[in-house]
Amino acid sequence: MSNNKIELENSIQLNNYQETGTVIYTGDGIATITGLSNVQAGELLLIQPHNVAGLALNLNTNNVDVVLFGDNRLVNCGNIVTRQNKLVSIPTGAQMLGRVVDALGNPLDNIKTIINETNVLPVDIKAPGIIPRRSVHEPMLTGIKAVDTILPIGKGQRELIIGDRQTGKTALVIDTFLNQKKISFQTPQQMVYCIYVSIGLRKANVNRLAHYFKMKNTANYTTIVSATASDAAPLQYLAAYSGCTLGEFFRDNNLHAVVVYDDLSKHAVAFRQMSLLLRRPPSREAYPGDVFYLHSRLLERAAKMNATFGSGSLTSLPIIETQDGDVSAYIPTNVISITDGQIFLKKELFNKGILPAVDVGLSVSRVGSAAQVIALKEVVQSLKLELAQFRSVEGFMELGAEDLPVSTLNRITRGLRLIELLKQGRYKPVSLEHQILLFFGVMNGFFDTIDVAHIRKLERFIRGITRRFPYNSFLNSIEPYDSLNAYRMNFENNLLELVATYKSTII
């Protein structure tokens with residue numbers, strides 16, 4: 001037999017050969033495997049006989065360290081490990097809408113519809129480069145007055161939501177999800193699909209949120225990716241990337257999506273746990289040295305694509321939990337430097353009943369008015385200045401009004417009504433049309449004659465009566481991307497009538 005024939009037969013045998021390895025150590029959700037000389041970092045492995053999935057991370061000289069996604073007790077020394085020749089992937093597409101899934105795409109709800117292995121995409125891929133992107137310019141309306149007016153978010157933006165525990169961070173993103181259903185001027189192509197990623201939260205909280213979404217009939221545009229506190233650290237680590245991949249499907253198919261990571265503080269803790277078990281050297285605050293890369297490669301995948309690449313977008317709203325408002329801690333500092341702005345929720349404001357508890361002084365949107373609806377932008381362009389001027393003279397209220405100049409009194413009058421109007425109930429997003437109408441009224445002095453205690457009642461009255469004829473047709477005639485100048489006279493006349501009608505009801 002010739003040497004060429006022998007080499008050909010050997011190559012055929014090698015191509016049909018599936019590379020396998022052997023477990024030589026297991027414990028604490030980690031396994032060490034020998035024999036997989038060609039395995040790649042991030043590759044999916046299966047450990048027999050129970051088909052426990054694992055992720056190859058440490059590629060050592062003679063062995064591979066793997067984190068386990070399944071039950072650690074099912075893995076023993078001597079078990080056979082097979083390569084899958086693929087990265088960890090998750091099924092995507094419209095079939096995932098209305099579902100609750102784990103980090104690997106397995107269903108956690110009671111829906112009988114099977115999730116097909118179609119449109120399977122890797123969970124950890126490279127972010128789009130500069131060429132396919134364009135600047136963020138389209139508004140992503142949240143229905144939260146304090147955000148849409150002062151801290152506008154655009155499609156493709158990365159806006160951090162940061163604050164202490166129990167300050168309303170999750171409630172803020174739920175309002176954002178609910179508002180996507182209410183936006184009247186969206187076409188199906190402009191619809192924003194919503195992905196909520198739960199990382200390290202209690203299972204009861206996730207179940208409650210899933211039930212609430214079901215009650216609100218949001219199944220046609222929402223998905224929940226759940227990795228609760230009872231799940232293994234590798235699943236909590238993977239969940240954020242899985243949720244991002246679900247959103248990227250819509251972005252890359254010329255649609256729009258927003259993904260919420262609740263929260264990345266626990267994501268970093270899960271990564272630290274994995275890294276220490278893998279014997280990676282700890283760095284600052286015992287986090288591994290690549291923890292910045294952990295979040296940057298996740299959040300950089302948010303993007304607004306240009307027309308050549310379909311004009312789709314993926315917006316990221318990461319959540320970070322602080323301790324006693326310390327935004328200078330290691331993980332908050334990292335994520336602040338990665339994102340395009342932050343919405344800071346202050347515990348003192350929350351305890352005073354000012355909801356949402358947004359601290360306007362520490363919050364910022366680096367995209368700003370470039371992604372704000374033109375009509376709303378014209379109404380609230382001096383809102384932040386008005387609030388700052390009010391804060392500067394707020395202390396004079398205790399001195400009495402007798403000795404204060406008229407300009408200071410006017411500033412206090414306007415500021416008190418602005419603060420009251422910015423308050424908002426939980427899970428009650430306000431439509432764009434009503435935000436324009438309400439802030440046009442307060443910024444132009446139409447509400448100055450209304451007592452501060454009646455501002456919220458006036459708002460509810462206006463929102464109730466404008467749903468009926470003739471005001472509904474008047475509001476629906478507003479083109480959201482046009483200047484307000486053409487409607488200014490109508491606004492003034494209708495607001496005068498609405499305020500007069502309200503006054504007649506309280507006399």
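Helices (H or I, at least four residues) and strands (E, at least two) are DSSP runs, numbered from the N terminus. Keep that in mind for the whole tour.

**Before you start**

This is a predicted model, in which local features need pLDDT of at least 70, side-chain atom pairs count only at pLDDT 80 or more, and totals for chains, interfaces and linings use all residues. Residues are numbered from 1 along each chain as its sequence is written, and side-chain values use heavy atoms, with hydrogens and water left out.

**Stop 1: the whole chain**

Of the 507 residues, 52% count as buried. Buried means under 20% relative accessible area, exposed means over 50%, and partly exposed lies in between (1.4 Å probe, protein chains only).

Next, think about contacts, meaning heavy atoms within 4.5 Å. Take the contacts in the chain with a separation of 6 or more: 73% of them come from residues 24 or more positions apart.

**Stop 2: asparagine 119**

Select asparagine 119. You are in the loop between strand 8 (100-101) and strand 9 (120-122). Asparagine 119 is not a glycine, yet its phi is positive, about 50°. Most residues other than glycine have a negative phi, and most peptide bonds are trans. With a relative accessible area of 44%, asparagine 119 is partly exposed.

**Stop 3**

Cysteine 194 is buried, at 0% relative accessibility. Cysteine 244 is buried too, with a relative accessible area of 0%.

**Stop 4**

Go to aspartate 262 and aspartate 263. The peptide bond joining them is cis, with omega about -5°. Aspartate 263 sits in the loop between strand 13 (256-262) and helix 6.

**Stop 4: helix 6 against helix 7**

Select residues 264-277 for helix 6 and residues 291-299 for helix 7. They pack at an angle of about 130°, with axes 10 Å apart. Axes are lines fitted to C-alpha atoms, for helices over the stretch in contact, and angles run from 0 to 180 degrees between N-to-C directions.

Are the two helices parallel, antiparallel, perpendicular or oblique to each other? Oblique. Angles under 35 degrees count as roughly parallel, over 145 as roughly antiparallel, 65 to 115 as roughly perpendicular and the rest as oblique.

Show the side chains. From helix 6, Leu264, His267, Ala268 and Phe271 meet Val291, Leu294, His295, Leu298 and Leu299 of helix 7. By class, this contact has seven nonpolar, two polar and no charged residues. Ala, Val, Leu, Ile, Met, Phe, Trp, Tyr, Cys and Pro count as nonpolar, Asp, Glu, Lys and Arg as charged, and the others, Gly among them, as polar.

**Stop 5: aspartate 324**

Move to the loop between strand 15 (313-321) and helix 8 (330-338), where aspartate 324 lies. Its phi is near 55°, positive in a residue other than glycine. Aspartate 324 is exposed, with a relative accessible area of 75%.

**Stop 6: proline 356**

Finish at leucine 355 and proline 356. The peptide bond from leucine 355 to proline 356 is cis, with omega near -5°. Proline 356 lies in the loop between helix 9 (347-351) and strand 17 (364-365).
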